[in-house]
Amino acid sequence: MTHDTFTGVFPAMTTPFDDDERIDHDTLRDHAQRLETAGVDGLVPVGTTGESATMTHDEHIEVVETVVDAVEDVPVIAGSGSNNTREALDLSERSTDAGADGLLLISPYYNKPEPAGMEHHFRTIADAVDLPQIIYNVPSRTGRDIAIETAVSLASHENIVGYKAASGDLNRINKVIERTRSENFGVLSGDDALTLPIIAQGGTGCISVSANVEPERTVALVGAALENDFDRARELQYELGDLFRTLFVETNPIPINEAMEMRGIHSATMRSPLSPLQPEHRERLEAVLDELER
């Protein structure tokens with residue numbers, strides 16, 4: 001079957017932990033419901049922002065189940081990627097069984113596969129799992145770009161309906177948009193600061209870190225841009241610009257977890273090897289959040 005592409009705002013959800021670094025499922029449920037109420041278009045648990053790298057596979061699936069059970073009307077796109085194709089396939093199948101509506105698949109990290117290996121990896125999962133899938137390009141973390149030709153080729157697969165663009169290279173992102181216009185394929189910003197220019201080039205929305213803490217403003221910004229109201233979208237971009245920058249002063253998700261605690265949404269507790277936000281950055285983040293509440 002042919003799946004719809006994803007359009008709008010999809011928060012890359014944080015994962016709440018208690019003081020013993022156990023997943024706080026009650027708070028996770030509240031977090032998911034809060035985002036749904038704010039008007040987001042879907043939820044993306046257990047990605048990078050959700051600290052999937054330090055979870056067991058069972059924990060990973062438990063988070064997906066909690067988010068699926070918490071919400072009523074928005075799709076849940078489970079992070080299910082790995083640098084091991086068999087492992088990614090297993091996580092994708094288990095996420096499907098847990099009720100996920102779609103999958104976010106990071107490109108294989110550390111191994112640094114060649115384009116042929118990269119394409120085989122994604123096609124293996126897309127052939128086996130009948131859910132809409134988004135391939136995720138973030139070379140700063142993986143060590144390897146998804147080649148433009150690879151992305152274009154994968155866009156022809158009926159189950160691969162999106163591309164999360166987090167390379168920071170607008171020229172490369174624009175080429176993917178241009179060359180997949182005839183496909184059932186959407187390009188989503190994976191970098192909040194670039195969401196507006198990516199939509200202006202033909203992107204379909206964002207998988208957003210900042211939407212965890214400012215979902216309503218993020219929804220308003222993306223909605224305005226998708227409706228070609230760029231005057232309004234720019235004003236919202238200016239309002240949120242300091243937040244976009246401050247949430248990346250240290251490795252994601254360190255700052256966003258601190259922001260969530262500052263707003264009283266959940267604890268800033270993270271799993272090692274992530275460390276607490278440095279005091280000078282905490283002061284800056286507090287000031288930015290205070291300004292947004294005025």
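1. Let's start with a pair of helices: the crossing of H3 and H4 is right-handed (a crossing is right-handed if the near helix is turned clockwise from the far one by less than a right angle, and left-handed if anticlockwise). This is a predicted model, in which local features need pLDDT of at least 70 and side-chain atom pairs count only at pLDDT 80 or more, while totals for chains, interfaces and linings use all residues. Residues are numbered from 1 along each chain as its sequence is written, and side-chain values use heavy atoms, with hydrogens and water left out.

2. Here is the geometry of that pair. Helix H3 covers residues 85–97 and helix H4 residues 115–128; they pack at an angle of about 30°, with axes 10 Å apart. That angle makes H3 roughly parallel to H4 (under 35 degrees counts as roughly parallel, over 145 as roughly antiparallel, 65 to 115 as roughly perpendicular and the rest as oblique). The axes are lines fitted to C-alpha atoms, for helices over the stretch in contact, and angles run from 0 to 180 degrees between N-to-C directions. Helices here are DSSP runs of H or I with at least four residues, strands are runs of E with at least two, and both are numbered from the N terminus.

3. Which residues of H3 and H4 make the contact? From H3 come Thr85, Ala88, Leu89 and Ser92, and from H4 come His121, Thr124, Ile125 and Ala128 (contact means heavy atoms within 4.5 Å). By class, the contact of H3 with H4 has four nonpolar, four polar and no charged residues. The classes are: Ala, Val, Leu, Ile, Met, Phe, Trp, Tyr, Cys and Pro as nonpolar, Asp, Glu, Lys and Arg as charged, and the others, Gly among them, as polar.

4. H3 also packs with helix H2 (residues 57–70), at an angle of about 35° and with the axes 10 Å apart. The crossing of H2 and H3 is right-handed. On the H2 side, His57, Asp58, His60, Ile61 and Val64 take part, and on the H3 side Glu87, Asp90, Leu91, Arg94 and Ser95. The residues of the contact of H2 with H3 divide into three nonpolar, three polar and four charged.

5. The crossing of H10 with H12 is left-handed. Glu239, Leu240, Asp242, Leu243, Arg245 and Thr246 in H10 meet Arg284, Leu285, Val288, Leu289 and Leu292 in H12. This contact of H10 with H12 has six nonpolar, one polar and four charged residues.

6. Helix H9 (residues 215–226) has 12 residues and reaches 16 Å from its first C-alpha to its last, close to the 16 Å expected at 1.5 Å a residue (the expected span is 1.5 Å times one less than the number of residues). Which residues of H9 are buried? They are Pro215, Thr218, Leu221, Val222, Ala224 and Ala225 (buried means under 20% relative accessible area, exposed over 50% and partly exposed in between, with a 1.4 Å probe and protein chains only). These buried residues of H9 pack against strand S1 (8–11), helix H1 (25–37), helix H8 (195–200), strand S7 (205–208) and helix H10 (230–246). After H9 comes Asn228, with a positive phi near 65°.

7. Next, some backbone points to look at. Most residues other than glycine have a negative phi, and most peptide bonds are trans. Glu21, in the loop between S1 and H1, has a positive phi of about 65° although it is not a glycine. Glu51, in the loop between H1 and H2, likewise is not a glycine and has a positive phi of about 60°. Are these two buried or partly exposed? Glu21 is partly exposed, with a relative accessible area of 31%, whereas Glu51 is buried, with a relative accessible area of 4%.

8. There are cis peptide bonds to check too. The bond from Asn252 to Pro253 is cis, with omega near 15°, and Pro253 lies in the loop between H10 and helix H11 (254–262). The bond from Ser272 to Pro273 is cis, with omega near 20°, and Pro273 is in the loop between H11 and H12.

9. Finally, Arg141 lies in helix H5 (residues 139–142) and counts as partly exposed at 40% relative accessibility. Leaving aside its neighbours within four places in sequence, Arg141 is in contact with Thr48, Tyr109, Thr251 and Asn252.
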